[in-house]
Amino acid sequence: MKLKKTFLGFAAIALIISCATNPFTGKSTLALVPNSQLFPTSFAQYNQFLNENKVIKGTKQAEMITRVGERIKAATERWMNANGQQGYLNDYKWEYNLVDDKTVNAWCMPGGKIVFYTGILPIAENETAIAAIMGHEVAHALANHGQQRMSAGMLQQIGAVAGNVAIKDEQSRNMFNQAYGIGSQVGVMLPFSRSHESEADKIGLYLMAVAGYNPDEAAELWVRMKANSGGQAPPEFLSTHPSNDSRIAELKKLAPMAKEEAKKFGVTTYRPLGKF
Ligand SMILES: [Zn+2]
């Protein structure tokens, strides 16, 4: 009992000193691991992932992923700076890679480390939809959704060892892998909560619009995702980012707002869809 109280005390202190402010919502979020510790782990795991998988270089599709990535990065920097968040991206080391894998998936690890699988390309159908997916995944990273999940996992682990707040490197790496879905199921993100999904949808729409990609395409993408979910196993991306009619309706409702946001950055017309 005493141990439990001690643990709760530790946990409370950890919570007080370890909250970060979400720049998009202004809400305080759980961040037990500061970016200065999280990013090196993320970068190392990303490199390991690239070493163990077939990275495609020099093709039109690989170049497209890089092009969209650079534009989303530039839009993110402009948007952050315009919203008083100078310095937020200082430690980011953006990277965009296309991996030869028929899994329908894409993700962004902390610090701007992005992977697209070739399996998601046929459903995306065009460059604008790639921008929608990338905007959404980058938004999860910017809003520290994975980190919040990792922090929650750490609290559980701390609970399991009754007050032992010091997490060993290996434990930390394991929790990172659990939170970001790396390891046994390589690169398969665990599902985010509904509120995290809505947040990422909204931020992602803004980012794609500021990058010059028509945000109307995001709803169309999710319609295609839904159509491709038939059969026994839904695509990976869909199982971790469940699609439904209310989400599609919400994206349609938010698209005009994203266009208004883009106008503030001088974007009034959009690139062609870029069908491939
Ligand atoms: Zn998501």
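## Close-up views of a predicted model

View A. Which residue does E127 pair with in a salt bridge? The partner is R71, and the closest N and O atoms of the two lie 3.3 Å apart. Because E127 belongs to helix α5 (residues 127-142) and R71 to helix α3, their pairing ties together parts that are 56 residues apart in sequence. Is R71 buried or partly exposed? With 26% relative accessibility, R71 counts as partly exposed.

**View B. D201 and R247 form a salt bridge between two helices.** Here the side chains of D201 and R247 come together, with an N to O distance of 2.6 Å. This pair, too, links distant parts of the chain: helix α8 (residues 194-210) holds D201, helix α11 (residues 245-263) holds R247, and 46 residues separate the two. Are D201 and R247 buried or exposed? Both of them are buried.

View C. K264 has a relative accessible area of 63% and is exposed, whereas E261, with 10%, is buried. Elsewhere, salt bridges that share partners bring E125, E217, R224 and K275 into one network. How many salt bridges does a search of the whole structure find? The search finds 14.

**View D. L89 is a buried leucine in a loop.** Where is L89 placed? Look for L89 in the loop between α3 (60-82) and β4 (95-99). Its relative accessibility is 13%, which is under the 20% limit, so L89 counts as buried. Leaving aside residues up to four places away in sequence, L89 touches T76, E77, M80, W94 and L142. For one of these contacts, E77, the sequence separation from L89 is 12 residues, while the C-alpha to C-alpha distance is 7.3 Å.

Conventions:
Residues numbered from 1 in each chain as written. Predicted model: local features only at pLDDT ≥ 70, side-chain atom pairs only at ≥ 80, totals over all residues. Heavy atoms only, no water. Helix = DSSP H or I, 4+ residues; strand = E, 2+ residues; numbered from the N terminus. Buried < 20%, exposed > 50% of the residue type's maximum accessible area, 1.4 Å probe, protein only. Contact = heavy atoms within 4.5 Å. Salt bridge = Lys/Arg side-chain N within 4 Å of Asp/Glu carboxyl O.
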